Amino acid sequence: MILRQLFLEYVGQTSGNPLLIEIDRAEGIYMYAPDGKRYTDLISGVTVSNIGHGNKYVTDAVCRQVNDYMHLMVYGEFVESPQVRYAQKIASVLPEPLESVYFVNSGSEAVEGALKLAKRYTGRTELIAFKNAYHGSTHGALSVMGGEEFRNAFRPLIPGVRHLNFNVIEDLKYITDKTAAVIIEPIQGEGGVRAAAPEYLKALRKQCDETGTLLIFDEIQTGFGRTGEVFATIKYGVTPDILVLAKALGGGMPLGAFISSHKIMECLKTNPVLGHITTFGGHPVCCAAGLAAFEYLIDSGIVKDVERKGRMFEDILTGHPLIKEIRRTGLLLAIEIGDEELNQRIIRDFVEEGLAPDTFLFCESAFRIAPPLIITDEQIEETCETIITSMNKFM
Ligand code: PLP
């Protein structure tokens, strides 16, 4: 049986319609099929591979750590240098008081940790999230997800969750002194790249301050240079009480984190102790990979070019008759086709043409462009040419 058939037969499936691209190896912005066919990575594993595939600085760090030690003990007991050094490095880049980093395994687990922490710190139970938000697939994360059809099939979920309209200042009145936390993506990823207005995030911060509510930023997609700043919290100049990270955090390895002040994080230590337990959270090999990737991201200076490169995509593609709208932040673009079926056909043709694209969970009429941030100007031009040639077939 060929590998694709084995994949369909033995690997648990997430939909009836997987992309089914088979990859043998990956390097830079390219992924290669066993027959040598080259795919340009337009999704970065959904904003994971921000510094590209096979970065030697990262793979060397992984090999060194594998040779030193892998798993030693559950999270929070032993002093493991990759964890400590990575936590210190992230804290050095973040605004105060985001200084205490709690490592976990994934984005969903980081969201769980952040919600639990907010409930413990405030002693409140109500949570506020947003329509079209995506925060993960575990029960807590699913409860704050903003898509009714995804939530409904799994009820009962966490009680006391209210979903507000994103970017609507009048709705902020629903944040009260009963609200434990508001969780928000500063730029909604799966909603189809919808950025919060700067004045909206400032008003949200103010309402949280006035009601004693903790503000949680989910920067799982927007972190690590994707928006043109290292983190969107820096771009907006609005600091959350808890920051949630994953995806590019691990430099290609599974890693998540929720980050807050010492004062807030202290809650998980007492009454009861072990407020969040994780065996593999902050795995030393994942932290070594993440630290190396983060150092590379900062030291190489690639972040300062992200906005310009994103604009290049936008400028070249703007005006194509099939494109209704382009929504963009840095190198995260939603190309709005305005028709789900046509968008699907275009995406399938992209795959034929050697592009690896994706759509969005809550916006199936658009396709995503989120390549590794190391993409060069020539590669952007070449990629846009392929996109345009492919779309022209549908006119
Ligand atoms: N939050 C956001 C904004 C995400 O995009 C994702 C994953 O796509 C998650 C949370 C969940 O992360 P994970 O898949 O690592 O659990």
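Helix α11 covers residues 284-300, which is 17 residues, and runs 24 Å from its first C-alpha to its last. That is close to the 24 Å expected at 1.5 Å a residue, where the expected span is 1.5 Å times one less than the number of residues. Helices here are DSSP runs of H or I with at least four residues, strands are runs of E with at least two, and both are numbered from the N terminus. Of the 17 residues in α11, 13 are buried, so the helix is mostly covered. Buried means under 20% relative accessible area, exposed means over 50%, and partly exposed is in between, with a 1.4 Å probe and protein chains only. Just after α11, G301 has a positive phi of about 75°.

Before going on, the ground rules. This is a predicted model, in which local features need pLDDT of at least 70 and side-chain atom pairs count only at pLDDT 80 or more, while totals for chains, interfaces and linings use all residues. Residues are numbered from 1 along each chain as its sequence is written, and side-chain values use heavy atoms, with hydrogens and water left out.

Next, the salt bridges. The structure holds 21 of them, each being a side-chain nitrogen of Lys or Arg within 4 Å of a carboxyl oxygen of Asp or Glu. One of them pairs D241 with R205, with the closest N and O atoms 2.9 Å apart. D241 sits in the loop between α9 and β11, and R205 in helix α8, so this pair ties together parts that are 36 residues apart in sequence. D241 is buried at 18% relative accessible area, and R205 is buried at 14%.

E325 and R327 also meet in a salt bridge, at 2.9 Å from N to O. E325 is partly exposed, at 37%, whereas R327 is buried, at 8%.

In R368 and D358, the N to O distance is 3.9 Å. R368 belongs to strand β17 and D358 to strand β16, so the bridge connects parts that are 10 residues apart in sequence. R368 is buried, with 1% relative accessibility, and D358 is partly exposed, with 22%. There is also a network of salt bridges linking E307, R311, E314 and R328.

Now the backbone. Most residues other than glycine have a negative phi, and most peptide bonds are trans. P272 is in the loop between α10 and α11, which brings us back to the helix I started with.

Two residues other than glycine have a positive phi. L20 has a phi near 55°, lies in the loop between α1 and β1, and is partly exposed at 29%. F224 has a phi of about 60°, lies in the loop between β10 and α9, and is buried at 3%.

Last, the surface. F7, L8, Y10 and V11 form a nonpolar patch with about 400 Å² of accessible area together. Patches take residues with over 30% relative accessible area and no salt bridge, joining like charges within 9 Å and nonpolar side chains (Val, Leu, Ile, Met, Phe, Trp, Tyr) within 5 Å. The areas come from the Shrake-Rupley method with a 1.4 Å probe, and for residues only the protein chains shown count as cover. Y10 is in helix α1 and is exposed, at 62%.
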